[in-house]
Amino acid sequence: MKKIVLKIKYIIVLSVLLVSVNACDSALVDINEDPLAVTSVPAELLFPEIIVNFSSVRSIEFAGLNMHAQQWCGSGGTWLSRSRYVLGVPSVNNGWTTWYTTCLKNLSLVEQLVEEDNPDNQYIIAQAKVLEGFIYSNITQVWGDVPYTQAGNPTEYPYPEFDSQEIVLEGVVTLMDEALAILEQDLDSQIVTDSDLIFNGDKASWIRWANSIKLKMLMFIANKKPDEVSAQLQALVNSPLIVTKDQEAQLSYSETIGNENPKWTFINNYWGGNINLWYAGRPLVNLMKELNDPRLATYYEPNSNGEYFGKWQGYTGFTTISKVNANNVLADTPDRYSTASETYFLLADAAANGFVSGGLAQANVWFLEGVTLALDYYDGTLGEIAQADKETYIASLPDLTALTTNEALDYINDQHYISLFGNGLEAWSQWKRTKSVDLDIPANAGATDVIRRYTYSSNEAGSNINTPTGLTIETKMWYEK
C-alpha cells in the first residue's frame, strides 16, 4: 500500500527546502531577494496532492451519490438529507473548488513546469492528460455543462464559458488520444514513479487506463451519436484495456495512520467505528434478491430476522432495514476509478447495441467475463464469495443469444449496476446512461423525478457571470436517451 499522507508530508517539507541560488564564489544575493524562496518545484511532486484530493471528494464529500444511485439509503442527519436531494452547500462548493483549483490547476502547472524545465519528459505530460481527462469525466457526470475549453486560464478567461456536456465528453476522448500518442512512443523520457499513487510509473498501465477511460466516454456519447463513435469503439476492442483485477486504476489506502480511506476515517471519528446511518437502498436489494445474488451478504448486513431489506429513499424508520456491511468501508478500502468488470460490461453493451462487431454472441462472452470478475473481486477479502455460490449464480444467468437485444441489455446493465456498489458516482452515472433499474422518487424530496445533476457551486455562481441558470437537479444530462 502506498503511504499517501507520509509522502505528502515529505513533499511539503521538500518543497520548503528547495533553494535556488547561483553557485558563484563572489556572488552577492540581492537585498530584495529571499535566498530561501522556492522558485521551482519538480512537476512530479504535485501528483500526490492532485490524486489524494481528487479521491477525497469522491469518497466523502460526494458519498451522498451512493444514495442518488439508491444503492445506499441515509437514515438521519446529513445522509437522510442527501437521500432527499438536499445537497449541502459546503460539499458542493468543496467538490467544485477542489477539483477545479487543487486538481486541474495543478495539472496545468505540471505541464507548464515540464515544458519549462524538462521538455523531453513527455510521459509526465501524458500522465497529466489522463488524470485531467478522468477528472473532467467526473465533473461532467456530476454537473453536466461545465467550464472546459476556457477553464484554467483566468488571465484570458476570467469568466469561463460553460461548455456543453457533449463538448466535454468529446474533449476527454481527445485528451486520451493525445496522451496515448505520447505513451505509445518509445521516448527518452522520465515518467512519474514514486509520486504516481495509481500505477507507480508503469507506462503500460497508463495506456490501459487511457483506453478504458476512452471506452467509457465513447459509450456515453454513443447514447446520442452511435454512428459517429462506432469506429472508435471497434478500434478499442483490440487495444490494451483494463481486463484483470491487478490492472485496475485505483487509489489504494492502508491501515497506516493518516493513510486510511476517508469514509472509514469519517465512521471512526464520528460513529465510533460502526456504520450508523448508511442503510440498504430498496432498488438494489430487490434486484439482487430477485437474482439470488450471492453478493447480498457482502454488500449488506441481515436485519434482526436474518433477512435483507432495503428502504425507499427519504423515509425514516429503519428497524427492519439492512445496514451497509461495514466490511465495505475499511481503512484499506480503495477508491476504484476504472475496473476490469466495467470494461467487459461496456464491451458487452457495445456488442449488444451493434456498436462493435459480434452481436449477442460476443456480448454474451464479455457479459460472463464481467460477472465473473465482479464476483472474483472479493476473493481474499472479508466479503469473499464461495466458489460454489459463484458458479451457481453464473449458471443461473441466461444465454444472451436467446434473448432480444433489449432483454440482453437489461441483463448486462443490471450486472454493471450491481458491480458498482460503493462507487456512487459511477453507479449513478450508469443508471442515467442506461435506466436499467427502476429508481424511486424519494419521499419529502420536493422532486418529481430522480436527481440527474448537482446545482452549481454558489462560489462559482457568485463570481462567474456565465454560470448557467434555469437548470434543476431533475434536468437530464445530454447523453440520456
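Predicted model: local features only at pLDDT ≥ 70, side-chain atom pairs only at ≥ 80, totals over all residues.

Biologist: How is a pair of aromatic rings described?

Modeller: The description rests on the distance of the centres and the angle of the planes. A search of the whole structure here finds 37 aromatic pairs. One of them joins Phe 62 and Tyr 454, with 5.4 Å centre to centre and 85° between the planes, and is edge-to-face.

Biologist: Which parts does the pair of Phe 62 and Tyr 454 tie together?

Modeller: Phe 62 belongs to the loop between helix 2 (47–61) and helix 3 (65–68), and Tyr 454 to the loop between helix 17 (424–434) and helix 18 (458–463), so the pair links parts that are 392 residues apart in sequence. Phe 62 is buried, with a relative accessible area of 1%, and Tyr 454 is buried at 4%.

Biologist: Why is the pair of Phe 199 and Trp 206 called edge-to-face?

Modeller: The planes of Phe 199 and Trp 206 stand at 75°, with the ring centres 5.6 Å apart; planes over 60 degrees apart count as edge-to-face. Both Phe 199 and Trp 206 are buried.

Biologist: Where do lysines lie over ring faces?

Modeller: Lys 245 lies over the face of Tyr 377, at 4.8 Å from the ring centre. Lys 435 lies over the face of Trp 431, at 5.4 Å from the ring centre.

Biologist: Is Glu 426 buried or exposed?

Modeller: Glu 426, found in helix 17, is buried, with a relative accessible area of 3%. Leaving aside residues up to four places away in sequence, Glu 426 touches Arg 58, Phe 134, Gln 141, Lys 216, Tyr 337, Glu 342 and Leu 420.

Technical notes
Residues numbered from 1 in each chain as written. Heavy atoms only, no water. Phe/Tyr/Trp six-rings, centres within 6.5 Å; stacked < 30°, edge-to-face > 60°. Helix = DSSP H or I, 4+ residues; strand = E, 2+ residues; numbered from the N terminus. Buried < 20%, exposed > 50% of the residue type's maximum accessible area, 1.4 Å probe, protein only. Lys NZ or Arg CZ within 6 Å of the ring centre and 35° of its normal. Contact = heavy atoms within 4.5 Å.
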